[in-house]
Amino acid sequence: MPKDATRAPETLLDIRNLSVDFRTPRGRVKALRDISFPIRRNRIVGIVGESGSGKSTVLWALLGLLAKNAEVTSGEVLFEDRDLLHASEAQLRATRGEEISVVFQDPMTSQIPVLTYGTQMRDILYRRPGLPTAEKRRMAVEMLGKVGIPDPDKRIDQYPHHFSGGMRQRAGIAMALLTGPQLLLADEPTTALDVTMEAQIIHLLQDLQKELDATVVVVSHNLGLIAELCDDVVVMYAGEVIEAGEVREIFHNAQHPYTRALLECDPARIDDVSRKLPVIPGDIPDLTKARSGCIYAPRCQRALPVCRDTFPPDVARGEMSLARCHLLAGPHHDPSWPPPLDVMTVGTGEAGARKPARVKRDDPLLDVSDLNVQFETVGPLRARLKGIRTRHVDAVLDVSLSIAPGETVGLVGESGSGKTTLGRTVLNLVPAQSGSVRFEGQEIRNMPEARFKPMRRDMAMMFQDPVGSLSPRKSVRALITEPFQIHGITGIDLDDEAERLAEMVRLPKAFLSRYPHELSGGQARRVGVARALALNPKLLIADEPTAGLDVSVQGEILNLMADLQAEHGLGYLIITHNLPVVRHIADRLAIMYLGRIVEEGRTDEVFARPVHPYTQALVEGVPQPDPDRRRAHVSISGEVPSLLNRPKGCDFAGRCPFAQDLCRAQKPPHVTMADGRQHACHFPLGH
Amino acid sequence: MLYYLTKRLGLSAAVIGLVVLVLFSLLHLIPGDPATIALGPRATPEAIARYAEKMHLDEPVWRQFLIYIGNALTGDLGLDVFSNRPVTAIIMERIGFTLALVCAGMGWAMLLGIPLGCLAAVKPGSWLDRVTGVLSVGTIAVPSFLVSIWALLIFAVQLRWLPAIGAGEPGQLGDQLSHLVLPAFAIGLSWVGYLARMVRASMLEVMGENYIRSARAFGLHPQRVIFGYALRVAILPTITLIGMGFGGMISSTVFAEIIFARPGIGKLIFDAVMARNFPIVQGAVLVATGLYILVVLFSDILIAWFDPRVRESL
Ligand SMILES: Nc1ncnc2c1ncn2[C@@H]1O[C@H](COP(=O)(O)OP(=O)(O)O)[C@@H](O)[C@H]1O
Ligand code: SF4
Ligand code: SF4
Ligand SMILES: [Mg+2]
């Protein structure tokens with residue numbers, strides 16, 4: 001019996017006035033603040049927002065699997081007339097996995113390593129005691145086949161570590177869909193994956209949703225994914241739903257200033273390569289505090305005095321769209337809001353367009369040529385006993401690359417393509433087998449550490465995971481002055497240096513006495529930049545400098561790096577798989593595949609006219625934050641082969657839509673074209 | 001696998017070789033004539049001469065060492081100084097008692113400690129968890145020889161529930177088992193604490209893993225989640241601990257066997273050391289080392305059986 005007659009029949013799940021607190025030593029974190037929204041049957045609903053906005057908490061709350069310190073303080077979640085929040089544990093268990101199922105964010109850690117997929121899937125079907133084991137296995141094999149796992153009847157007996165990241169996520173989807181649930185929840189299902197894999201998973205989810213008539217809720221901070229995949233969108237900020245609507249309304253006619261700001265910050269949406277990225281200043285508010293007025297007011301560019309003390313109204317537009325803002329209705333209604341999409345409503349952090357750095361091309365800072373790096377895969381004794389003939393894999397193969405002072409080179413490729421190894425080899429952290437690495441004209445490849453040490457000051461590395469790579473017991477002050485101590489530099493005042501560096505990366509002085517866990521993602525990243533630049537290096541190698549950052553903060557870091565480059569004439573090597581980002585910051589791009597550079601050229605040209613089919617696939621693989629520009633097909637299938645079985649001819653031949661016999665027989669050599677662009681393809685596109 | 005076995009066997013041989021070397025050097029580093037040392041000051045000159053010949057004491061030390069190893073490989077560990085019986089036979093008579101004691105001690109510790117740790121981890125902060133915590137610290141802190149003495153005084157002397165000394169009549173299983181209870185209790189007690197703590201710690205860690213949350217999100221029964229998923233991973237470090245624990249346990253048997261006057265390797269070594277009966281000491285230590293190596297190897301194989309990632313790296 002429906003509890004509420006006003007509920008539309010197409011509503012499958014109705015979240016009403018849900019509030020969740022987490023009890024922490026700092027006080028109660030009000031992670032969800034009275035949120036309500038319906039989920040319509042047979043739709044793909046996206047929940048989007050910055051990290052910490054409470055997206056995952058919504059999912060876990062409706063599964064009844066919140067962390068132990070969580071408390072649901074109010075609300076109900078109606079799923080087909082049952083209130084999940086007040087269901088017994090046994091009822092919930094009967095719902096989980098059976099009627100509501102989940103695809104997890106990180107397939108690497110969310111599948112138990114010691115059980116085969118066959119066992120894991122049979123366990124999921126345990127509620128069907130009448131079903132013979134052989135039949136359960138058949139169902140599992142069929143589902144694995146459906147999600148695109150080749151040889152499912154063999155691979156079902158394998159363990160998660162036998163699967164690549166993308167395959168694991170496919171298997172995760174198969175596990176979730178095995179019981180034929182009505183509602184599928186997916187928490188950041190592609191965040192841990194490469195662009196090409198992300199596109200494949202998006203399409204898979206779309207196809208399966210249609211085929212199985214399921215309702216899907218996808219949580220993501222990736223606007224491109226939401227635009228590409230979803231029908232309805234819910235935008236969350238700091239534990240509140242601040243806007244909801246159909247995907248086109250959200251992306252083409254966003255009403256809430258925060259939604260607008262998010263869209264404007266997405267580098268994939270910005271075609272003008274002005275290099276200064278827009279940012280939303282400030283951080284997400286402290287969730288232990290009660291809100292008074294609009295929760296977005298401290299960061300809102302349009303905030304009015306009334307916003308700080310009066311709750312904004314929920315202004316409905318269509319039957320299910322609403323936005324929560326004073327500008328939209330009531331005494332402060334502003335008919336000119338929202339402005340057309342091409343008007344920017346957020347600033348770029350600092351005034352003005354990015355000053356281009358002076359690039360001195362003829363005198364390269366770093367010059368890598370024909371570099372080869374091999375890794376030993378098996379020891380000599382083991383190789384002999386097992387009869388393995390090739391004991392090495394080529395992690396970096398014939399790589400040539402140069403970086404001039406003041407220049408930014410983007411190194412792009414899927415995971416496992418050898419980007420990080422190349423970066424580490426340049427820093428003399430990994431021995432190279434052949435080739436040369438020249439820094440300011442001096443050969444440094446395999447230089448003994450004692451001689452290399454003074455040069456290390458001129459070349460800095462910024463690590464991928466700044467919080468993880470920072471010692472948790474050291475204050476920010478100690479962390480950013482650590483390089484001085486490592487290099488035994490005396491005769492300077494460390495406190496002065498700390499303040500200078502903090503100012504350089506625009507970190508308020510008060511932060512110097514904080515510890516890493518007290519920093520937000522963006523702040524930790526700035527500490528990483530400060531550390532890397534402490535000794536005034538000439539070359540900075542940044543490994544995924546913005547991975548895991550929200551779009552609103554990402555711009556801040558990239559703008560900062562750009563300013564520092566303009567000021568100090570630094571050379572940057574940016575290692576990333578985030579194409580929209582490198583497009584904005586890199587002067588030149590090098591695309592790497594299986595240890596080889598397959599294309600290299602000026603960024604604008606590479607994006608406008610890719611020459612190598614792999615580059616084209618990557619460029620087309622980026623989901624566009626525009627629901628009208630959805631891709632009809634996946635640009636590239638399959639995945640990066642293992643280094644252990646490098647194809648004989650072109651490394652890309654197995655996935656290349658243009659591959660011919662020649663490609664499978666002969667490795668394409670590096671060719672320099674008239675305009676200076678380099679590629680390694682027998683049949684370059686457009687030639 | 002082949003590579004792994006080769007490596008392990010080589011390693012084991014090296015360890016055993018090292019142990020023999022140490023035992024040998026001990027004998028030869030003590031100033032004085034090795035035969036006199038080995039046989040004690042009251043030995044007759046004939047006995048010394050016999051011993052010197054038997055042990056090839058006129059040969060250079062390195063040859064003696066090789067001869068000893070060669071003999072050991074064929075199962076000949078020399079002769080008991082006093083009874084002149086083969087050391088191998090003497091050890092074989094007693095080894096069963098020690099093995100039974102160690103297995104019973106570790107066995108009951110595992111049967112109690114692992115589930116306790118498991119349940120404590122499932123409900124951290126519950127009364128069961130607190131009791132387990134106190135119990136663990138208590139049992140770990142008390143040395144096993146004290147437990148032996150108390151257990152003997154309370155259950156055998158005062159209450160007369162169980163026999164106090166000996167290993168029971170040969171051939172009578174019931175009697176032998178009842179003689180096993182107190183010593184096994186004594187040497188296993190602290191292991192209940194160790195295991196409960198260890199399992200609790202690793203279970204707590206594993207219960208926080210994403211894949212446990214996945215299993216629960218798929219609606220699996222809590223029992224399956226705890227025992228089929230979490231424990232399966234959490235048990236791995238415990239297996240290593242148990243394997244190594246056997247070594248420690250063999251040394252606790254020395255006390256238990258002395259206090260309960262049980263025959264066994266521990267008591268044998270103790271008596272032999274007191275009587276300076278070096279062939280027995282050498283032989284028994286060698287056998288104990290071999291046993292220990294076997295158990296560790298077995299625990300490693302068990303881990304490989306539980307964990308496919310380990311299995312494939314072999
Ligand atoms: N177990 C927990 N204990 C304390 N705070 C938590 C816990 N889980 C989440 N939070 C807090 O709740 C808020 C929302 O988190 P979450 O739902 O994970 O956001 P999102 O998924 O949007 O990144 C954040 O401020 C986060 O720090
Ligand atoms: S209510 Fe005010 S502060 Fe909040 S979003 Fe609207 S204009 Fe900005
Ligand atoms: S060489 Fe052939 S297979 Fe390789 S990228 Fe070019 S066309 Fe494709
Ligand atoms: Mg999340």
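**Group meeting talk: pocket, patch and ligand shells**

Let's start with a lining: by class, the second largest pocket is lined by 16 nonpolar, three polar and eight charged residues. Here Ala, Val, Leu, Ile, Met, Phe, Trp, Tyr, Cys and Pro count as nonpolar, Asp, Glu, Lys and Arg as charged, and the others, Gly among them, as polar.

Before going on, some housekeeping: this is a predicted model, where local features need pLDDT of at least 70 and side-chain atom pairs count only at pLDDT 80 or more, while totals for chains, interfaces and linings use all residues. Residues are numbered from 1 along each chain as its sequence is written, chains are lettered from A and ligands numbered from 1 in the order in which they are written, and side-chain values use heavy atoms, with hydrogens and water left out.

Back to that pocket. Its volume is about 790 Å³, meaning the space filled by probe spheres set on grid points that are joined across faces, edges and corners. A pocket is an open set of points on a 1 Å grid over the protein atoms alone, where a 1.4 Å probe fits, with protein on both sides within 12 Å along at least five of seven lines; lining residues have an atom within 4 Å of a point. The lining has 27 residues, and A:K68, B:V122, B:M207, B:R216 and B:I226 lie nearest the centre. Two or more residues each come from α2 (89-95) of chain A and from α5 (87-122), α8 (173-207), α9 (210-217) and α10 (222-259) of chain B. α10(B) gives the largest share, five residues.

Now, what is chain B made of? It has 13 helices and zero strands; these are DSSP runs numbered from the N terminus, helices being H or I with at least four residues and strands E with at least two. Its C-alpha atoms fill a box of roughly 80 × 55 × 35 Å along the principal axes.

Chain B also carries a nonpolar surface patch, with B:F145, B:W150 and B:F255 among its members and about 870 Å² of accessible area together. Patch residues have over 30% relative accessible area and no salt bridge; like charges are joined within 9 Å, nonpolar side chains (Val, Leu, Ile, Met, Phe, Trp, Tyr) within 5 Å. The areas come from the Shrake-Rupley method with a 1.4 Å probe, and for residues only the protein chains shown count as cover. Helix α7 (residues 144-158) of chain B gives the most, six residues, and B:W150 is found in that helix.

Over to the ligands, where near means a heavy atom within 4 Å. Ligand 2 has 13 residues around it, with A:C294, A:C300, A:C307, A:C325 and A:H326 coming nearest. That shell has 10 nonpolar, two polar and one charged residues. Ligand 3 is surrounded by 13 residues, the closest being A:C650, A:C656, A:C663, A:C681 and A:H682, and its shell has 11 nonpolar, two polar and no charged residues.

Last, salt bridges: a side-chain nitrogen of Lys or Arg within 4 Å of a carboxyl oxygen of Asp or Glu. In one of them, A:E76 meets A:R16 at 3.7 Å, N to O. That pair links strand β4 (residues 70-79) to strand β1 (residues 11-24) of chain A, 60 residues apart.
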